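Please consult the sequence and the model alongside the text.

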Amino acid sequence: MNASRRTGLVFFPAFDWAISPDHPEREERLLYTQDQVFEEGIMDIEGLTELKPRLASPDDVQRVHFCVPDIEHSVTESHLISAGGCLVVADALMKGEVDCGFALVRPPGHHAMKVVHGSRGFCTINVEAVMVEYLRHQYGVDRIAIVDTDCHHGDGTQDIYWHDPNTLFISLHQDGRTLYPGSGFPEEMGGPNALGTTVNVPLPPGTSAEGFLYVLERIVLPVIEEFEPELIVNSAGQDNHYSDPITNMNFSAQGYAALTERLQPHIAVLEGGYSIEGALPYVNVGIILALAGMDYSRVREPDYDPDRIKQSEMVTAAIRQTCDQILELRKSLPAKREKYVKGSQYVERTRKIFYDTDGFFEGQKETVRICQECAGLVSIDSWADSGRRILAVHVPRGGCEVCRATANRWFDNASTRRFDLVCLQDRVAGTYQVKRA
């Protein structure tokens, strides 16, 4: 058998790392998949290549995050290898060695936000974002679409790209009123300089393949076509599966494979999925075959019964209503953009963020400059129950001279008597400066 698309795979189960031995996010998540892939002879298919992960560097992490107090104290070697596994797939794709790739790595990353005081939703650094910014730094890729199909809203990835007009972030997830992290509603459409590049599709509990594929055709693919990305990345969380122990959806391995076949991502990155034996080995094999352009029709869970997991008419109606709402909201984007342009020079928002994995809260006051020349500088005044306060100043890629000068002034004027840490992430200069108390 031959793959019609050359596909690179990275396996990194992180054999010796887990939050706790019985935590849902533990090494067995990938060990069962690894066994399934090799026992089924998947790696013997011509065109499928196993790639070996490497360590991501501190520079790779600092292009994305403000780690408190620093990377050394925030991140383990397993996190750096998980991110590094994504970078290896990115390298293979950009060098033309593969047509697509799947980073089957852990720990996951899509709940990790721009400022990192600790771990949220089992995530410490955002491995997809580290990869996306590496692609931009190393290969000059500009417009990228990230489609997050994890059952939980990808709030960390949304936060990182909230102000970036060149990153389209689309998240399909179980309705936040019924599941962690409680966000991801249609009205969340991006910051003032990037309105419309964030798209959230909350789905009711009980959604099956019918609902996911409907949203793909009605919302996801048209928005991607309009955005015209150079690359598509899939945050391939697999906890929408009907057997997942911590969610309430009815997706199947067949459904995931069909979604992958239609989405055609250049790179997929494993996120969640906690049905370790009943789902992950089958879903992952389905995704691999779909990426490789091969027949996946025989991939079936042992207890698969499409009639048993069929979504109700009520769920179908709710999904259609949500899609209609999203399309209506997108019609209002030009007027919202005009309102921002004519409004104040700076826009602020305050937030409270829960670090569920580590058990504390963070408060944030974020300020963004409304800019016609670039994505606008951003500053985040962040304080956490863990005891540290940080001022994080970000100059975007392609930042204009006014934004850069203002960011440097804010950094220089910030007192280390007030903040434990003052950081300037300048993506134009490619530098990361720090002042400490």
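**Terms and basis**

A residue is called buried under 20% relative accessible area, exposed over 50%, and partly exposed in between, with a 1.4 Å probe and protein chains only. By this definition Phe38, with a relative accessible area of 41%, is partly exposed.

The model is predicted: local features need pLDDT of at least 70, side-chain atom pairs count only at pLDDT 80 or more, and totals for chains, interfaces and linings use all residues. Residues are numbered from 1 along each chain as its sequence is written, and side-chain values use heavy atoms, with hydrogens and water left out.

**Overall fold**

The protein contains 12 helices and 16 strands; these are DSSP runs numbered from the N terminus, with helices being H or I of at least four residues and strands E of at least two. Along the principal axes, the C-alpha trace spans about 60 × 45 × 40 Å.

Of the 437 residues, 62% count as buried. The protein exposes about 17,100 Å², of which carbon and sulfur atoms supply 47%; accessible areas come from the Shrake-Rupley method with a 1.4 Å probe, and for residues only the protein chains shown count as cover. Among contacts with a separation of 6 or more, 72% join residues 24 or more positions apart, where contact means heavy atoms within 4.5 Å.

**Aromatic pairs**

A pair of aromatic rings is described by the distance of the centres and the angle of the planes. Rings of Phe, Tyr and Trp (its six-membered ring) pair if their centres lie within 6.5 Å; planes under 30 degrees apart count as stacked, over 60 as edge-to-face and the rest as tilted. A search of the whole structure finds nine aromatic pairs. One of them is the tilted pair of Phe11 and Phe38, at 5.9 Å centre to centre and 45° between the planes. Phe11 belongs to strand β1 (residues 2-12) and Phe38 to helix α1 (residues 28-39), so the pair ties together parts that are 27 residues apart in sequence. Phe11 is buried, at a relative accessible area of 6%.

Phe251 and Tyr256 also form a tilted pair, because their ring centres are 4.4 Å apart and their planes are at 50°. Phe251 is buried at 1% relative accessibility, and Tyr256 is buried at 2%. Together with Phe212, these two residues form one aromatic cluster.

**Charges over rings**

A charge sits over a ring if NZ of Lys or CZ of Arg is within 6 Å of the ring centre and within 35 degrees of the ring normal. Arg143 lies over the face of Phe227, at 3.9 Å from the ring centre. Lys352 lies over the face of Phe361, at 5.0 Å from the ring centre.

**Two loop residues**

Asn240 is in the loop between β9 (231-236) and α8 (253-263), and is buried with a relative accessible area of 0%. Beyond residues up to four places away in sequence, Asn240 touches several residues, including Phe212, Phe251 and Tyr256.

Ala375 is in the loop between β12 (360-369) and β13 (378-384), and is buried at 11%. Leaving aside neighbours within four places in sequence, Ala375 is in contact with His163, Pro165, Asn193 and Pro396. The C-alpha atoms of Ala375 and Ala318, 57 residues apart along the chain, are separated by 35 Å.
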